[in-house]
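Subject: Structure handover

Hello,

Here is the structure I promised to pass on. Please open it and keep it beside this email as you read.

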Amino acid sequence: MNLDLSFHLDAGLGSKPALDPDALHDVLVVGAGPAGLNAAMYAARKGLDVAVLGKRKGGQVLDTSAVDNYLGLDGVDGEGLAERFLKHLSKYSVPVLDGAEVVDVFSQGPVHSVVLSTGESYRARALIVATGSTPRRLGIPGEDRFAGKGVGYCAICDGPLFAGKDVFVAGGGNSAVQAALDLAQMSRAVTVVHRSRLRADQVLVDRLLSHSRIAVLLGTRIVEVTGQAAMDGLVVEDAATGARRALPGDGLFVEIGHLPNVGPFAKRLVLSEHGEIVADARGATSVPGIFAAGDVTDFPYKQIVIAVGSGATAALSANEYIARTAF
Amino acid sequence: MKMFNEELEKQLKEIFAALKGDVTIALFTEPGCATGEETTGLMEEIAALSPKIRLVRYDRTVDAAKAAEYHVERVPAIVLIDSSGAYRGIKFYGIPAGHEINSFIPALLEVSGAESEVPAEFAARVAAIRRPVDIKVFVTLSCPHCPGAVQKAHKLALMNSNVQAEMIEASTFEELSRSFNVSAVPQIVIDGKTTLLGDQPMQAILEAIEAEAS
Ligand SMILES: Cc1cc2nc3c(=O)[nH]c(=O)nc-3n(C[C@H](O)[C@H](O)[C@H](O)COP(=O)(O)OP(=O)(O)OC[C@H]3O[C@@H](n4cnc5c(N)ncnc54)[C@H](O)[C@@H]3O)c2cc1C
């Protein structure tokens, strides 16, 4: 039994660290995941007046058990990594507003304003959008109906509820394989179902294939989640033959990638065909003074180390932009 | 086995410096209660970190009157009592370890009188709840979003004595969880009927309570 200390003294409504609504800040970072936190640190180190507005301190990193691919921090857990990020940033006394959701953005000349769901608005010379991504859904019959009744999106959260049961994981990337490995610690049997080939890192695939309680069904599409009060199985289809069959099981974890959280920025910025914010090599978007970093951008790889790097890039670009722009 | 290492102990001592008044941890167990020992151990370690925290142990059967007073329905149960000896409507069923330590510590502070602020308009809506409301929040210890949901439910209970809110560790209380079809956490159940999934904002929980009443 362990303890994972990290808490907030108010339940999301109380006094927030003060951020002056009348001040014109240099940089406001939207999103407090790896990209946003590193952008804030880089901006602070450049001497900029910066603050972070984020829905959830730490971002998606909090939803993973083991992070094995962050150089120098071998085997750190997601929560631990997020804590290290926050601790490091705390040296620079950057205000980090938690539970703050940006719902609108507008600009007056070179000054950009963001509006929170609670109504407050803040102004800055530059914005860094680092709003990350959220899990993609399968979009098949039964998925919504059995959400929370067998269908889940957070394997580490819900895994203990499937102790001794049979679960499926949809997907073939790193997060699917990691979810299967996590679930296999408690579940009776885990079946990974994926429509094409596994895309996960070879080290993870090797662990997956050698696990005695994990089976892998490739070339197979999930077409329906079945059940009565709760999920009782899946209908799957062979991608080659189109033949369908029912597979009994108690749970399904959907790990098929992510959708960018573009939110209110969608109406201001040019997006890629996948709905991601188009950002150039310097993190600049289609609007001068608005930069983007991390999973929300059209950069192809969604990884913590990449998000962190792009956060630094966006902050350094924002610094240059502020220096050469008249406000 | 000790749960706190030196660093954690130091951190917690600093946090507990903010305790305003005394808090009593009323811990209910019973002989043969599978997770009772672990829970007792954790509570003993916590109580040792501040002179303001007192641990009182009860046996659910022997101390049936106390159990009834605090509406204890299963064990292990943790009830927090404020310095005036009042039961404030908040409970933890099962050990608040893992991530759930993060709902337990704010609860200790709140009950000690170090209360978090709430906007006046919201407080007025909570104060307007006139009927008894029961909020159950099902959690697992490996769930990072769960403590937030527990903390919000507890805050509502602390703000209005008609509201009772409890954390329920789903693996410890498997049967109860099954009867509520819990397969994803946090799952917030209001009066045994309305279910909210995920760490919902406090407004959403309050709206669900208000919607039920009308
Ligand atoms: C289960 C799982 C396991 C993973 N494992 C690994 C791994 O082992 N190694 C690895 O490198 N990567 C891993 N990843 C991917 C990694 O977590 C992401 O690439 C990384 O977190 C992206 O960082 P980010 O800062 O861009 O976005 P995020 O981490 O998504 O953070 C964005 C933040 O912005 C907030 N936000 C969104 N919209 C708004 C708004 N409108 N207003 C305010 N705030 C907003 C979000 O709530 C969130 O807190 C994993 C992901 C998952 C889900």
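Below is what was found, starting with how the model was made and scored.

This is a predicted model, where local features need pLDDT of at least 70, side-chain atom pairs count only at pLDDT 80 or more, and totals for chains, interfaces and linings use all residues. Residues are numbered from 1 along each chain as its sequence is written, chains are lettered from A and ligands numbered from 1 in the order in which they are written, and side-chain values use heavy atoms, with hydrogens and water left out.

**Confidence**

The model scores ipTM 0.75 and pTM 0.80. pLDDT is the predictor's confidence in each residue, from 0 to 100. Chain B has a mean pLDDT of 93, with 99% of its residues at 70 or more. Among its elements, helix H8 (residues 202-213) of chain B has the lowest mean, 89. Strand S5 (residues 133-139) of chain B has the highest, 98. Helices (H or I, at least four residues) and strands (E, at least two) are DSSP runs, numbered from the N terminus.

**The ligand**

Which residues are closest to the ligand? They are Arg56(A), Gln60(A), Val102(A), Asp295(A) and Ile304(A), out of 33 that surround it. A residue counts as near if one of its heavy atoms lies within 4 Å. By class, this shell has 13 nonpolar, 14 polar and six charged residues. Ala, Val, Leu, Ile, Met, Phe, Trp, Tyr, Cys and Pro count as nonpolar; Asp, Glu, Lys and Arg as charged; the others, Gly among them, as polar.

Now the polar contacts (here, pairs of N or O atoms within 3.5 Å). A backbone N or O atom of Asp295(A) is 2.8 Å from a ligand oxygen. The side chain of Gln303(A) has an N or O atom 2.9 Å from an oxygen of the ligand. The protein buries 91% of the 1,000 Å² that the ligand exposes when taken alone. These areas come from the Shrake-Rupley method with a 1.4 Å probe.

**The second largest pocket**

A pocket is found on a 1 Å grid over the protein atoms alone: an open set of points where a 1.4 Å probe fits, with protein on both sides within 12 Å along at least five of seven lines. Lining residues have an atom within 4 Å of a point. The second largest pocket has a volume of about 480 Å³, meaning the space filled by probe spheres set on the points, which are joined across faces, edges and corners. It has 24 lining residues; closest to its centre are Asn2(A), Ser65(A), Ile156(A), His99(B) and Ser142(B). H4(A) gives the most to the lining, three residues. The lining divides into 10 nonpolar, 10 polar and four charged residues.

**Backbone details**

Val75(B) and Pro76(B) are joined by a cis peptide bond, with omega about 0°. The peptide bond from Val185(B) to Pro186(B) is also cis, with omega near -5°. Ser93(A) is not a glycine, yet has a positive phi of about 35°.

Best wishes

Methods:
Polar contact = N/O pair within 3.5 Å; in protein donor to acceptor, adjacent residues only side chain to side chain.
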